[in-house]
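Please read it alongside the sequence and the coordinates.

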Amino acid sequence: MFDDFINQFWPSTVDGLSLGAIYALVALGYTMVYGVLRLINFAHADIFMVGTFAALWTVRSLGVDQVGGLALIGMAVIMAVVAGAVAGGSAMLLEVVAYRPLRKRGASRLAALISAIGASIVIQQLFGTVIIRHVFGTSKSGGKLDVNEHFRKLTTVIDIGPIHVTNDKLIVFVGAILMMVALDQFVNRTKLGRGIRSTAQDPETAVLMGVNIDRVVMTTFLIGGIMAGAAAALYMVRFEQTNYFVGFLLGIKAFTAAVLGGIGNIRGALAGGFVLGLLETYGSSFFGSGWRDVVAFSLLILVLMFRPTGIFGESLQQARA
């Protein structure tokens with residue numbers, strides 16, 4: 001068991017970083033919404049699922065086959081743009097339909113949480129019974145869809161001793177880092193970003209200072225959706241398949257990453273995603289692949305027990321430019 005862990009250490013590290021990058025991008029949606037509204041948006045995982053279908057539709061529509069090098073990077077960018085637009089629009093629609101009416105009526109957070117769970121089920125069933133059948137023309141058991149022919153051509157771009165990194169994993173890692181840096185700069189350097197932070201810190205005072213709360217909330221959902229869409233595109237580059245419940249388990253793990261880094265903390269979501277991805281793959285190589293999910297959720301329990309504020313513990317409302 002220990003020998004397997006040692007032998008698989010570097011491959012597990014590479015896999016963990018690429019997987020953690022996807023977790024981190026999805027976790028940003030949870031942490032942004034929680035920072036502003038103090039709401040756990042459990043339907044966010046299904047926004048990610050919507051993004052995977054948009055990315056899949058993009059690949060099928062363009063008819064690409066066995067692309068590599070710069071062509072694969074360009075394809076990943078196109079997928080991210082389309083998936084980000086679709087997921088971002090879906091997230092804004094979710095806010096208008098499921099959350100804004102409750103917020104206007106001063107409903108409790110429990111009501112919003114129930115609405116989030118209901119919206120999640122509606123989105124899942126919509127894609128499971130309607131979109132897959134009528135848009136993608138299939139009735140496969142479980143709703144599993146993949147690219148008819150593998151659209152990516154795998155090549156090794158980094159080969160140093162035991163470290164072997166293929167182009168798809170490098171694209172996922174670098175793409176996620178670039179998206180996270182862009183978001184961090186947006187929140188900390190722009191006027192709208194300051195509005196988001198001021199709303200997170202004190203909504204009443206922010207209104208008195210001229211901040212449009214509805215605009216801030218809508219922007220927050222839009223950004224979270226774009227990040228989920230980008231994560232969906234990278235997920236399709238990495239795994240090339242999706243289904244209508246793909247967001248369920250991944251969403252819970254992304255939420256674990258957000259809690260691990262400090263819920264409401266943007267940089268914490270980045271750190272939490274990578275830590276969770278690494279620990280999950282290390283645990284899989286040490287205990288066996290059947291223990292992958294056990295490691296992830298055991299980590300969530302331990303964090304909630306001993307450090308509920310996460311690694312960083314600083315929330316979005318305390319961030320400074």
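## Backbone and packing in a predicted model

Glutamate 240 counts as buried, because its relative accessibility is 4%, and buried means under 20% relative accessible area. The model is a predicted one. Glutamate 240 lies in the loop between helix H9 (213–239) and strand S4 (241–242), and, although it is not a glycine, it has a positive phi of about 60°.

A positive phi also occurs at glutamine 66, again a residue other than glycine, where the value is near 55°. Glutamine 66 belongs to the loop between H3 and H4, and with a relative accessibility of 44% it counts as partly exposed. In the hairpin of S2 and S3, glycine 161 takes a positive phi near 60°, and two residues stand between the strands. Strand S2 (residues 156–160) and strand S3 (residues 163–166) run antiparallel and are joined by four bridges; within this pairing, isoleucine 158 stands opposite valine 165 in S3.

| Helix pair | Packing angle | Distance between axes |
|---|---|---|
| H3 (residues 44–62) and H4 (residues 69–104) | about 140° | 8 Å |
| H10 (residues 246–261) and H11 | about 120° | 7 Å |
| H10 and H12 (residues 292–306) | about 35° | 10 Å |

Helix H3 and helix H4 pack at an angle of about 140°, which makes H3 oblique to H4, and H3 passes H4 in a right-handed crossing. On the side of H3 the contact is made by Ile47, Val50, Gly51, Ala54, Ala55, Thr58, Val59 and Leu62, while H4 contributes Met75, Ile78, Met79, Val82, Ala83, Val86, Ala87, Ser90, Ala91 and Leu94. Divided by class, the residues of this contact of H3 with H4 comprise 15 nonpolar and three polar, with no charged residue.

Helix H10 packs against H11 at an angle of about 120°, so that H10 is oblique to H11, and the crossing of H10 and H11 is right-handed. Here Lys253, Thr256, Ala257, Leu260 and Gly261 in H10 meet Gly268, Gly272, Gly273, Val275, Leu276 and Glu280 in H11, and the contact of H10 with H11 holds four nonpolar, five polar and two charged residues.

Towards helix H12, H10 packs at an angle of about 35°, with the axes 10 Å apart, and the crossing of H10 and H12 is left-handed. The residues that make the contact are Leu249, Ile252, Lys253, Thr256, Val259 and Leu260 of H10, together with Arg292, Asp293, Ala296, Phe297, Leu299, Leu300, Val303 and Leu304 of H12; by class, the contact of H10 with H12 has ten nonpolar, one polar and three charged residues.

Helix H11 (residues 266–287) also contains alanine 269, which is buried, with a relative accessible area of 0%. When its neighbours within four places in sequence are left aside, alanine 269 is in contact with Ala24, Ala27, Leu28 and Thr31.

How values were computed: Residues are numbered from 1 along each chain as its sequence is written. This is a predicted model: local features need pLDDT of at least 70, side-chain atom pairs count only at pLDDT 80 or more; totals for chains, interfaces and linings use all residues. Side-chain values use heavy atoms; hydrogens and water are left out. Axes are lines fitted to C-alpha atoms, for helices over the stretch in contact, and angles run from 0 to 180 degrees between N-to-C directions. Angles under 35 degrees count as roughly parallel, over 145 as roughly antiparallel, 65 to 115 as roughly perpendicular and the rest as oblique. A crossing is left-handed if the near helix is turned anticlockwise from the far one by less than a right angle, and right-handed if clockwise. Contact means heavy atoms within 4.5 Å. Ala, Val, Leu, Ile, Met, Phe, Trp, Tyr, Cys and Pro count as nonpolar, Asp, Glu, Lys and Arg as charged, and the others, Gly among them, as polar. Buried means under 20% relative accessible area, exposed over 50%, partly exposed in between (1.4 Å probe, protein chains only). Two strands pair if DSSP finds at least two bridges between them.
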